[in-house]
4 protein chains.
Amino acid sequence: MIKVAINGYGTIGKRVADAVNCQKDMEVVGVTKTKPDFEAKLAVKKGYKLYAAIPERLKVFEDAGIKVEGTIEDLIEKADVVIDCSPNKVGAENKAKYYEKAGIKAIFQGGEKKDVAEVSFNALSNYDMAKGKKFVRVVSCNTTGLTRLLYLIKENFGIKKVRATMIRRVVDPKEDKKGLVNGIMPNPVKLPSHHGPDVQTVLDVNITTTAFKVPTTLMHVHSINIELESDAKNEDVIAVLENEPRIMLVSEEEGFTSTTKVIEYARECRMRYDIFENVVWRDSISIVDGELYVTQAIHQEAIVVPENVDAIRAMFELAERDESMKITNESLGIC
Amino acid sequence: MIKVAINGYGTIGKRVADAVNCQKDMEVVGVTKTKPDFEAKLAVKKGYKLYAAIPERLKVFEDAGIKVEGTIEDLIEKADVVIDCSPNKVGAENKAKYYEKAGIKAIFQGGEKKDVAEVSFNALSNYDMAKGKKFVRVVSCNTTGLTRLLYLIKENFGIKKVRATMIRRVVDPKEDKKGLVNGIMPNPVKLPSHHGPDVQTVLDVNITTTAFKVPTTLMHVHSINIELESDAKNEDVIAVLENEPRIMLVSEEEGFTSTTKVIEYARECRMRYDIFENVVWRDSISIVDGELYVTQAIHQEAIVVPENVDAIRAMFELAERDESMKITNESLGIC
Amino acid sequence: MIKVAINGYGTIGKRVADAVNCQKDMEVVGVTKTKPDFEAKLAVKKGYKLYAAIPERLKVFEDAGIKVEGTIEDLIEKADVVIDCSPNKVGAENKAKYYEKAGIKAIFQGGEKKDVAEVSFNALSNYDMAKGKKFVRVVSCNTTGLTRLLYLIKENFGIKKVRATMIRRVVDPKEDKKGLVNGIMPNPVKLPSHHGPDVQTVLDVNITTTAFKVPTTLMHVHSINIELESDAKNEDVIAVLENEPRIMLVSEEEGFTSTTKVIEYARECRMRYDIFENVVWRDSISIVDGELYVTQAIHQEAIVVPENVDAIRAMFELAERDESMKITNESLGIC
Amino acid sequence: MIKVAINGYGTIGKRVADAVNCQKDMEVVGVTKTKPDFEAKLAVKKGYKLYAAIPERLKVFEDAGIKVEGTIEDLIEKADVVIDCSPNKVGAENKAKYYEKAGIKAIFQGGEKKDVAEVSFNALSNYDMAKGKKFVRVVSCNTTGLTRLLYLIKENFGIKKVRATMIRRVVDPKEDKKGLVNGIMPNPVKLPSHHGPDVQTVLDVNITTTAFKVPTTLMHVHSINIELESDAKNEDVIAVLENEPRIMLVSEEEGFTSTTKVIEYARECRMRYDIFENVVWRDSISIVDGELYVTQAIHQEAIVVPENVDAIRAMFELAERDESMKITNESLGIC
């Protein structure tokens, strides 16, 4: 039973906590928060042991009447691995400050630079490379979404080249201070974007990407062009994607006309309307002159959750890739 | 066991179906849809018997491979009461076309005019008036939110006059064709708005309202001014509201800085992030010169769900007000 | 002096009217409106003679106290050419109903199908093909924006293939009933989009496009990938674009971080913040493996205005391409 | 000829500069910027002498190839008065750092606290109080909008009490980093809001306010309730408002259904679509039980511009209130 600490019970952290908690071979021994807000209270209500992410703030929790078990340092002592879900760049600081000192294994998220870890990770694409590693980085939501799809296409049809445009939700739904209210932001302006190289940390593929922020909170959308190595028909591509549980196919005919409908569907199926799968529009799949066009939506809050669970299994060599993915999928209702 | 038909398994209908289904004294015998989209498929997947809301469209469902048990007319034969959750104005058409002919009791939603029913309904405010009635109309989301709050204030402190400004979400989250993208719309421009008179269909109170649409999908927000008849302090008002399960108090200090955070909280607690309660900001409660100022957020998709359940009990005289509300609350996790 | 009638004094019509009116070789003899709203009043205030676009509605204008000179049929009698700026599809109806009958030349907008006219038009790309024609269609905002850029790249470097993703503003700024409030809509879902074939009505180029609607009103943004025939460096591309007045180069360094800043700039320079130019991010221009990546923003309300003016000159053979474009540019402040 | 320096050529500063520059009794001797972006370039292009707002950054402008005449300190030496248009709170710093030291008169904006100046200012309401003063603060956009309207109502009908709800645009159109993307934010949560007391710095009236931020950039909207001292009819109120040039009356019938249409109208009339007037919906004006309900929209970028010009005249005693307002109005096209 692997003991897992979640450092940062926020958007990613709370989802990973719940996912870890429904596995049979691992358990959450505690979660951290920086402040005693409603998320902290919910963590306690759900039965997670709460620790202060910033030791100096212990008193703030006490003053707010929220029971805290100790600090991040106390939590680390009880755990076999930390999943760092703190904001971008803070993970690297935590590594230096706490994890290396304590000699504990750690998983980082995609907001950290790749050199924070020994290996960047995507379950489908390079599970084996994380085996036995001490520091692993699960790539970001956009990179995870791209990699899953490209891995499948590459394995089945070969890829000469990928060109992808990411249309990104500007902030998560809970955010109320940052944003872009009415406009489109090339982000970055200077091309190509970092997503291409980031995919290459987990998959060997020729890819160039561009990215834009738009005023929505629900999901990212990817417009992808893939030059295939072998001949393929639309049906062949659909068959491959249908066969992978972490891909969900939807169609306009069923009413999926935009990300608003995808989320409406997810609200009926999972708490927090979490979508762990790439949502690919079946009708978008189209091969023109040997190039595959495909549109997918990625739920930025949830997509990396199964990969975090699989990363733990890989690091502790608890299971092989297919077995781990199968267990994770079943536990999370991915089918 | 009251047999309930849901005519219109959409935003309201699907929520009411689930709520009815977790009561011990009633059951859903079938739901209708106008088209075979993903919501229709989800209804079937959840175990609801599906009927065609428009008899002529039976074939459309068959063509889409979705099993349908019959038409709305077939469904009515199996039910004791229909909850009409069709779009505005269609309810009145359905009444003339189906319900009166079949001699079945029916509940309408607030998008219908008040004369569609014998009585307009709010559980707290006028439960007894719906007893034994054939046609009852549950008032709209904004009116339900206002009435709950005003009923409590009136009962406890007396009300001379109410002035309320509704800041309304322009469309529901799933909508992707209508909206207001960047602007504020006085709606109506001509004052006062219809919400005041609509509250008066269920509560005897002097109220004048204004209303505006703004580009958000999550919740309505009400800025309310109440001239009290008796002296009261902030704490007195808070105590009254804390005592009513269908009111939820939140505060900025806990992190509830906007409707985005309220929804984030709800995503952790209920499927579809449904909030059946009025969400009142505790820190907004402020008495100035004998006038109470208070801000509340109303989840337009869910707020009327408990009232629909209570309306059934009232119409069939299954329980008294407090008993019905208690059962409904417990079944829906309202506490 | 060519006498020009503007049928439909709306978003495009009012801009084209003003543009025609500042040319020395043409004049506006009248504009039409369907209803007596503030835009109708502004037309009169600006000195345009107003006509009823729908003959039956003459009385509605009179009732509103707005002076109307007659109907569209009266207006046509006074004109040499009609610029049809009515909503999508209405242009084709007007052609059958009025223009053919009166034997008058007409220019249509890109919302009409290509077969409404003898030729589709873009000034840079195929000016000569409109010479002497009776019915000409100025291609849509997105197509105009793509064509200008691709024409220049093709002429200078040759094009093997183009892949473009359009991120489209969902509605114009004045719209307050339609929209997409919080989401991203693949539009169309089925790929590729019609923009590619539409470009091919005015430019011979191998192009495949995808398109998405996002909740903003200001500008479209295009993410474009162009496989070049000849070697080129970033500077070569920049030099070509800098040389064309209908392209405006901007950079992040100057503060142009998104379309919001582009519009802020335009508000300082032109009435209605009209941007007649393609706005190309200089820093986006990037050649990777012989493929050019470039990002441009297109002001959907204004981009086709100069092309409408040039189309008149071509149809009446008033000037050659370069001369016409030069006159149009100078009159509109395009430099 | 009063020599005016504009410290901060941003949203407010650039508008005030242009307004000052079209007066006969004053001129702009220079404007400052903190960085060499496109707004700085536009200032130079328009003929304004540019100075560095932060002396240490002189070199940054040079490096960007933008000619700067010196620093804010150099500019102050050439001026009779500074209009401080820097961001909130920076005005107070500038006062201590530069204006007091140089002994120069200064006008501050409403983002500063009231004690930054000897008097807070609204032209209609308290022009005379600014006569001969050294430091004057023009109240904020929302306060200016409220004060103009309330002054007129008070003078003509007497006011017992005002309750106002402000629905505020969350950021200005050019902003692309901050915002609220999909939600409604009570701001402040704790009631009442500061706007009431702020109105009282310029007008003696009993007022309580609430305020909310919503995801739009165009205009604020105010829902106002005024208990009148004397009897009045809708027509009486309309007559008073029609008589004041700084109030513009619009109606739904003319097509003004939301702020989007108001801005569309303004785009036809003024550069930057500046609306210096309160935009009051004529059809909203409604007296219920002796209480006046009225809805107005306020263009946050432009509304304080005429007041800044009048404030200069008051401080230098160049004209009496009505004369100053008349000159300002005529120069800016307010009628």
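What follows is a chat about a predicted model, with the reasons behind some of the terms used for it.

Reader: What makes L292(D) count as buried?

Author: The cut-off is 20 or more other C-beta atoms within 10 Å. L292(D) has 23 of them within that distance, so it is buried.

Reader: Where does L292(D) lie, and which residues is it in contact with, leaving aside its neighbours within four places in sequence?

Author: L292(D) lies in strand β16 (residues 291-298) of chain D. With those neighbours left out, its contacts are I153(D), I226(D), L228(D), V237(D) and I287(D). Take V237(D): it is 55 residues from L292(D) in sequence, yet the C-alpha to C-alpha distance is 8.8 Å. The contact itself is judged on C-beta atoms, with a limit of 7 Å.

Reader: Over to chain B. Why are β4 and β7 said to stand at the edges of the sheet?

Author: Look at the strand order in chain B: β4-β3-β2-β1-β5-β6-β8-β7, an open sheet of 8 strands with parallel pairing. β4 (70-71) and β7 (119-121) each have a single partner strand, so one side of each has no neighbour in the sheet.

Reader: How do you know that β3 and β4 of chain B pair?

Author: Pairing needs at least two bridges. Strand β3 (residues 50-52) of chain B is joined to β4(B) by 2 bridges, and the two run parallel. Within that stretch, Y51(B) stands opposite G70(B) in β4(B).

Reader: Which helices pack on that sheet, and what do they touch?

Author: Among them are α1 and α2 of chain B. Helix α1 (residues 11-21) touches β1 (2-7), β2 (26-33) and β5 (81-84), and its direction makes about 160 degrees with that of β2(B). Helix α2 (residues 38-45) touches β2 and β3, at about 150 degrees to β2(B).

Reader: What rotation superposes chain D on chain B?

Author: A rotation of 180 degrees with 0.0 Å of shift along its axis, giving an RMSD of 0.0 Å. The residue of chain D that comes closest to the axis is P215(D), at 3.1 Å (C-alpha). Here too one surface serves both copies, with 100% of the contact residues of chain D recurring in chain B.

Reader: Which domains does the assignment give chain A, and how many residues are in contact between them?

Author: Domain 1 is 2-139 + 304-332 and domain 2 is 141-298. Their C-alpha centres lie 26 Å apart. In chain A, 17 residues of domain 1 are in contact with 15 residues of domain 2. On the domain 1 side, α1 (11-21) and α12 (321-332) are among the elements supplying at least two residues each. That side divides into 7 nonpolar, 7 polar and 3 charged residues.

Definitions and conventions: Residues are numbered from 1 along each chain as its sequence is written. Chains are lettered from A and ligands numbered from 1 in the order in which they are written. This is a predicted model: local features need pLDDT of at least 70, side-chain atom pairs count only at pLDDT 80 or more; totals for chains, interfaces and linings use all residues. Domain bounds come from an automatic or database domain assignment. Two residues are in contact if their C-beta atoms, placed from the backbone, lie within 7 Å. Ala, Val, Leu, Ile, Met, Phe, Trp, Tyr, Cys and Pro count as nonpolar, Asp, Glu, Lys and Arg as charged, and the others, Gly among them, as polar. Axes are lines fitted to C-alpha atoms, for helices over the stretch in contact, and angles run from 0 to 180 degrees between N-to-C directions. A residue is buried if 20 or more other C-beta atoms lie within 10 Å of its own, exposed if 12 or fewer, and partly exposed in between; C-beta atoms are placed from the backbone. Copies are superposed by least squares on the C-alpha atoms of residues with pLDDT of at least 70 in both.
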